[in-house]
Amino acid sequence: MLFYILYSSDMMRLKRDFSLHWKNYLILFLVVELSLEVGVIPLFNAWTSLLLNLGAIPYLSYTNALSPVTSHPYIALGLLLELIILIICVFGQFALILNGVVRIRQDEFSFRTILKDTARQLRQLDPLGICFFAGYFLLIVPFSGIFFNSPLLSKVVIPEFILDFLLQKPLYATLIGIFYLAIFILSIRLLFVLPLMLFEKLKIKAALAQSWQLTKNKFWVYTLKLLKISLIALIANLSLIGILYAIQLGLDQTAPWSALIGGSINVTLLQVGSFLISVWASVALLQLILPADVTLATYKSTKKSWLSKVAKPLFALFTLGALLGNGVYLVHLGQTPLIISHRGVDAQNGVQNTLPALRKTAQARPDYIEIDIQETKDHKFVVMHDENLKQLAKLDASPQELTLAQLTALTVHENGHQAKIPSFDEYLNVAKQYDQKLLVEIKTTKRDSKNMLKNFFDTYEATLKQNKHELQSLDYKVITSAKKYAPTLNTYYILPYNFIFPQTPANGYTMEKTTLNDSFVTQAKLSFKKVYSWTVNSENDFKNAAFLDVDGIITDNVTKAKRAYHNFNANTSYAKRLLDFIILLPE
C-alpha cells in the first residue's frame with residue numbers, strides 16, 4: 001500500500017517537478033509568508049487599533065461586537081472596509097502562490113511578473129466574488145490544514161472551550177460532525193473555483209458551476225489524492241524528526257559545546273525541513289487543481305525584480321537568525337508560570353467551588369485557587385459558577401433568586417463527591433487558614449442589584465488586599481469598577497477570543513488558550529500587563545504556555561501541571577528539547 005502511494009504515477013510526476021524547482025518554490029512561499037507576517041499583518045493591527053482608539057473602544061470581543069455598529073457607525077464602516085480588504089488580501093495571497101507555481105513551471109520565476117499577474121486578476125474580482133471568498137476563506141481554508149495556510153486567517157479558530165461544551169451535548173456533537181463533513185465535501189467540490197477564475201477568467205457563478213461539474217462522480221478520486229499527499233507529508237515529517245532525534249542523542253554524549261551547536265543546527269533543520277515539506281504538500285495540491293496546459297502571458301521585460309534579487313540573501317539571513325534563536329531556545333528553559341487551580345479543584349478531588357475541595361487542593365500548594373462568586377437575593381455573595389443550580393444542586397433556580405441562607409443549605413454533587421455551597425466569607429476564612437491566595441472571578445447577571453459592585457468592594461477590598469488575592473471577570477464593568485473602588489487590586493479582564501490587543505486599565509488578561517499567541521504575549525509585556533492562560537490541562541498545553549512565556553496557567557489538574565513543569569525543567573537534554581520544539585512548529 002505504502003509502495004503504491006509513494007510510487008504511483010502522479011506522485012512520481014510531482015516528485016520530479018518539485019526536485020527541479022524546489023528552491024524557487026521555497027523562496028516563493030517564504031517571501032509571501034514573511035511579507036504577510038512583517039508587513040501586511042502589522043498594518044491591519046495598526047488600522048484596527050487606530051479605529052478603536054478613535055472610537056474610544058477599549059477592546060473588541062464577542063461581548064461588545066455590536067457596540068461599534070450601534071454607537072460608532074463610522075468606526076463600524078472602517079472595520080467593515082478592513083474586513084473587505086482582508087478578504088481581498090487573502091485572495092491575493094493565494095493568487096500570488098498559484099501564479100508563482102505556474103511561472104515556476106514555465107521557468108519564468110520573477111516576483112515582478114507574479115505581482116503583475118495578481119494585480120490584473122484582482123481587478124477582475126467583483127463584489128459577488130468578494131462575498132463568496134469571504135465565506136470560502138473563513139470556512140474552508142481554516143480546515144484545510146497542511147495544504148492551505150494564511151497568517152491573515154490565524155485567528156479564525158473555534159475556541160476549545162466552546163467545542164468542549166458543544167461536544168458534551170449529543171445533538172450538538174452530531175451537528176458539529178455534520179458541519180465538518182459538509183465543509184470537507186464542499187472543499188473537494190469547490191477545488192477548481194480559484195484557478196478557473198484566475199486562469200480561465202470565469203465569473204464566480206460560472207466557476208462554481210464548472211468546478212461542481214469537474215468533480216462530479218470524482219469525489220473519492222480527489223479525496224484519495226489528498227490523502228496520498230497528506231500521508232507522504234506525515235511520513236516525511238516523522239522520518240525527519242526520527243533522524244534528527246537520533247543524531248541529537250549521539251551529540252548529547254559529546255562535549256557540551258558541540259552538543260549545543262549540533263542541537264541548534266538540528267532544530268533549524270527541523271524548522272526548514274518541516275517548512276519545505278509543507279511547501280511540497282501545498283505545491284502538490286496546486287499542481288493537482290491547475291490545468292496541465294495553463295500558461296501566463298510572457299512580459300517583454302526579463303529584468304529580475306528586487307524581490308527576486310533579495311530572496312536568497314533573505315533566506316540566508318532567515319537561516320542564520322534561526323540558528324542563533326534556536327541556540328537561545330536550547331539553553332533558555334523559560335519561566336515556569338504560576339499554577340492556578342481552576343474552580344478550586346485538583347483532578348476532580350471534590351465539587352468545584354466548595355470547601356472540601358479547597359482543603360484538598362490547598363495541600364498541593366497552587367500559586368492561586370480560582371473561584372467564582374455571584375450575588376444572592378439578599379445582596380450577599382456565594383461561591384458558585386453556574387447561573388442555574390440545576391446541574392449541581394438539581395434545583396431549577398439562579399443564585400440571585402435565593403438568599404444566602406437558602407443557598408448554603410443546598411448540597412451540590414459532582415464527580416462522585418458532595419458538599420454544601422459555601423458563602424464567600426466562609427471560603428475566604430478557610431483560604432486564610434491555609435495561607436492560600438485566591439483568584440476571584442466576579443460573575444455578573446442582569447438580576448444583580450444596582451450597587452452590587454460598590455457593595456462588594458466596600459465589604460471586601462481590605463481583606464482581598466491583606467491576603468494578596470486577585471480579581472478577574474468577563475464583565476468589563478467589573479474592571480472599571482475595580483479601578484474606581486479598589487485601584488491597587490490586581491484585576492484581570494477575561495478574553496475568550498483574541499481579536500486585537502485591548503487597551504484597558506486591567507492589570508492583565510486571562511486568555512482562552514486556543515487563540516492566545518506569542519504576538520499577544522509580547523504586546524502584553526511591552527504594555528506591562530500580565531497574561532494568564534485558561535484552561536491548560538495537557539502536557540503539550542503546559543509546554544506551550546512555558547514557550548509563550550505566559551505569567552500563569554489556570555488548570556483543572558494542579559498536581560499534573562507541577563509534575564510536568566518539574567520534569568520539563570529537570571530533563572534539559574537537547575534531544576528532549578528537540579522533541580519539545582515540535583509543538584512550536586505551528587506557531
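## A buried aromatic pair

Phe-424 counts as buried because its relative accessibility is 0%, where buried means under 20% relative accessible area, exposed over 50% and partly exposed in between (1.4 Å probe, protein chains only). Tyr-460 is buried as well, with a relative accessible area of 6%. Phe-424 and Tyr-460 form an edge-to-face aromatic pair, 4.8 Å centre to centre with 65 degrees between the planes. Rings of Phe, Tyr and Trp (its six-membered ring) pair if their centres lie within 6.5 Å; planes under 30 degrees apart count as stacked, over 60 as edge-to-face and the rest as tilted.

Phe-424 lies in helix H17 (residues 424-433) and Tyr-460 in helix H18 (residues 452-466), so the pair ties together parts 36 residues apart in sequence. Ring pairs link Phe-424 and Tyr-460 with Phe-381, Phe-456, Phe-457 and Tyr-485 into a cluster.

## Basis of the values

This is a predicted model, in which local features need pLDDT of at least 70 and side-chain atom pairs count only at pLDDT 80 or more, while totals for chains, interfaces and linings use all residues. Residues are numbered from 1 along each chain as its sequence is written, and side-chain values use heavy atoms, with hydrogens and water left out.

## Overall fold

The protein chain has 23 helices and 11 strands; helices (H or I, at least four residues) and strands (E, at least two) are DSSP runs, numbered from the N terminus. Its radius of gyration is 27 Å, close to the 25 Å that the globule rule gives for 587 residues, so the protein chain is as compact as a globular protein of that length. The radius is taken over C-alpha atoms, and the globule rule is 2.2 Å times the number of residues to the power 0.38. Along the principal axes the C-alpha trace spans about 85 × 65 × 45 Å.

Of the 587 residues, 49% count as buried. Residues 24 or more positions apart account for 67% of the contacts (heavy atoms within 4.5 Å) with a separation of 6 or more.

The structure holds 28 aromatic pairs. One of them is the edge-to-face pair of Phe-192 and Tyr-222, 5.5 Å centre to centre with 70 degrees between the planes. Phe-192 lies in the loop between helix H8 (170-189) and helix H9 (193-199) and Tyr-222 in helix H11 (residues 219-251), so this pair ties together parts 30 residues apart in sequence. Phe-192 counts as buried at 9% relative accessibility, and Tyr-222 at 10%.

Charged groups also sit over rings, defined as NZ of Lys or CZ of Arg within 6 Å of the ring centre and within 35 degrees of the ring normal. Arg-189 lies over the face of Trp-212, at 4.0 Å from the ring centre. Arg-577 lies over the face of Tyr-329, at 4.5 Å from the ring centre.

## Salt bridges

The whole structure contains nine salt bridges, each a side-chain nitrogen of Lys or Arg within 4 Å of a carboxyl oxygen of Asp or Glu. Lys-454 forms one with Asp-458, the closest N and O atoms being 2.9 Å apart. Both residues lie in helix H18, four residues apart, about one turn of the helix.

Lys-543 and Asp-580 form another salt bridge, with the closest N and O atoms 2.8 Å apart. Lys-543 lies in helix H21 and Asp-580 in helix H23 (residues 574-580), so the pair ties together parts 37 residues apart in sequence. Both Lys-543 and Asp-580 are buried.
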